[in-house]
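Read it with the structure open.

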Amino acid sequence: MFKQITVFIENKPGRLAEVTGCLADENVNLHALSIADTTDFGILRMIVSDPDKAGRVLKENNFMAQTTDVVAVAVGHNPGSLHTVLRELEVLNISIEYMYAFTSRHKAYDAIVILRLANQDMVVDKLKGSGIPVLGQELLDSLNEA
Amino acid sequence: MERYWNKTVETMNREQIQALQLEKLRVAVQNVYAHVPYYRKKMQEKGMVPDDIKTLDNLSDLPITTKQDLRNTYPFSMFAVPMENIVRIHASSGTTGKQTVVGYTRRDLDVWAECVARCFVMGDADTSSRVQVAYGYGLFTGGLGVHYGAEKLGATVIPASSGNTQRQITMMIDFGVTHLCCTPSYALNIAEVMREMGHTKDDLKLVAGSFGAEPWSTGMRAEIESQLGLRAHDIYGLSEIMGPAVSHECRYQNGLHIWEDCFIAEITDPDTGEPVKEGAMGDLVITTINKEGIPLIRYKTRDICALNYETCECGRTHVRMSKPAGRTDDMLIIRGVNVFPSQIESVLLSIGEVQPHYQILVDRVNNLDTLTIEIELNDEMFSDNVKGIEEFEKNVSRQINSVLGVNAKIRLVEPKSITRSEGKAKRVIDRRNM
């Protein structure tokens, strides 16, 4: 499993910048982020160089922040690679709650998709069994080096 | 073994209480008729003379006194003694109009301290207690009123006043404070700051507390008790009648004993003003029968409650008022439905995840009242997806609607974004009349 930092942010000017400011002050690097937004609030999801530190710093600054387990899959930076993964999820009858993707400079992990799955704890083994490479700490180490 | 400050008075039987009340009421009515022209005029308009008071039932023939009467006689015209006999002035905050002023003779202050001392003993205090008074000191009756009662009892009093919360906690720990007196919202603020300072309730020696000056729900009580490790009693009062200690809860926390040798309590119908049948809810009306400075006849407190005349398990015979839901001034009318903020608090705190950090916003949009409740998000209600948070909001809204019959929009807000109280909490922002 892979750690995502999830932050609740009210829709107020400058609030997001306060999050990035806290992380910058603590020298935490951002690999990816995605925001789900509504009229009143947004949910910021981030992949960062040091999730434990990021969570601690944000909490100290009165942000509602938690670490969330997500599934990280390297898909290859070429046409149809994400599709292959999504078809496999369909075959396995696994639903996606949300997802986002990003690219990196690392050769082995040049395109990564982050998935949050319905009943994630139960289905993740099914996913591994199907041959899809579910990544853990080795991915973060590589991203941090690249 | 139940302890009392004044066992003879606190446990006298109903016949004795009524005989005493009738005797004192007759004196009080004669006194205001003779010394307060405003009252004499009001009674004359009703065609009444003091001798018309023959039984306690005649009380309801007397005119009602309202806050407006006190404004009409601002500042001192309601006083029944010459100013040279007045030794202290207190005043209401005046947030809903001109402030109201009350005066006390030396004897009034003694009676007040006696009432407070009885409350403290009822709340488990004795001469070995260390009482931290974190009500504001000043024109507000909370600080000084409680202070002199605790001194009369012989407890060790720490006159902390409100504010400077970290220092409050340091004193509570270093001085081994056993009793805390403040508003319930400030008590919660203290608990929160204590945790932020790295302390737990085990660092405290608190046994009990007397919390008042604002309405609070039983859910709030449970929070205060568990967070500070004490038994939380409601203390009731208003400056017009005396100040804190008009009534107070005993250990059974099933109503607040009103000191009936000093006050006669009635409940009237909010619509007709007629007395309600025993045990029914309505407007609490109080007549002072042991007061010199500003004796009031049938003062409408604007608090809604019911009276219970049964003798309490604690042995006290003085009538119990139910925990007041709030002043009628604070009642919200949302599209014709009456709601007290404390009722909203009750519903919120019945939902396990919600902590008592909330704010109620009332607005008018396209001529329709809207009610929005902001609740601080915490770890238990957090979700990493929008659906989870929106479902939580909807669930709270559904419960508010099913219990109170009003539609409320629930908005979760970030931790610590709602201002913490150091005195009377500002729970409601009504923007309809701004």
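Domain bounds come from an automatic or database domain assignment. On that basis chain A divides into domain 1 (2–69) and domain 2 (71–145). This is a predicted model: local features need pLDDT of at least 70, side-chain atom pairs count only at pLDDT 80 or more, and totals for chains, interfaces and linings use all residues. Residues are numbered from 1 along each chain as its sequence is written, while chains are lettered from A and ligands numbered from 1 in the order in which they are written.

**Contacts within chain A and between chains**

The C-alpha centres of domain 1 and domain 2 of chain A lie 22 Å apart. Their contact takes 9 residues from domain 1 of chain A and 12 residues from domain 2 of chain A. Two residues are in contact if their C-beta atoms, placed from the backbone, lie within 7 Å. Helices (H or I, at least four residues) and strands (E, at least two) are DSSP runs, numbered from the N terminus. Strand S1 (2–10) and strand S2 (30–37) of chain A each supply at least two residues of the domain 1 side. S2(A) gives the most to that side, with 4 residues.

Chain B meets chain A through 12 residues of chain B and 17 residues of chain A. Strand S19 (residues 409–413) of chain B gives the most to the chain B side, with 3 residues.

The table sorts two of these sides by class. Ala, Val, Leu, Ile, Met, Phe, Trp, Tyr, Cys and Pro count as nonpolar, Asp, Glu, Lys and Arg as charged, and the others, Gly among them, as polar.

| Side | Nonpolar | Polar | Charged |
|---|---|---|---|
| Domain 1 of chain A, touching domain 2 of chain A | 4 residues | 4 residues | 1 residue |

**Helix H8 of chain B**

Helix H8 (residues 184–196) of chain B has 13 residues. H8(B) reaches 19 Å from its first C-alpha to its last, close to the 18 Å expected at 1.5 Å a residue. The expected span is 1.5 Å times one less than the number of residues. Buried residues of H8(B) include B:Tyr186, B:Leu188, B:Ile190 and B:Met194. A residue is buried if 20 or more other C-beta atoms lie within 10 Å of its own. The buried residues of H8(B) pack against helix H7 (165–174), strand S5 (179–182), strand S6 (208–212) and helix H9 (218–228) of chain B. B:Gly198 follows H8(B), with a positive phi near 90°.

**B:Gly145**

B:Gly145 lies in helix H6 (residues 141–153) of chain B. Why does B:Gly145 count as buried? Because it has 28 C-beta neighbours inside 10 Å. Not counting residues up to four places away in sequence, B:Gly145 touches B:Trp112, B:Val116, B:Gly243, B:Pro244 and B:Ala245.

Conventions:
A residue is buried if 20 or more other C-beta atoms lie within 10 Å of its own, exposed if 12 or fewer, and partly exposed in between; C-beta atoms are placed from the backbone.
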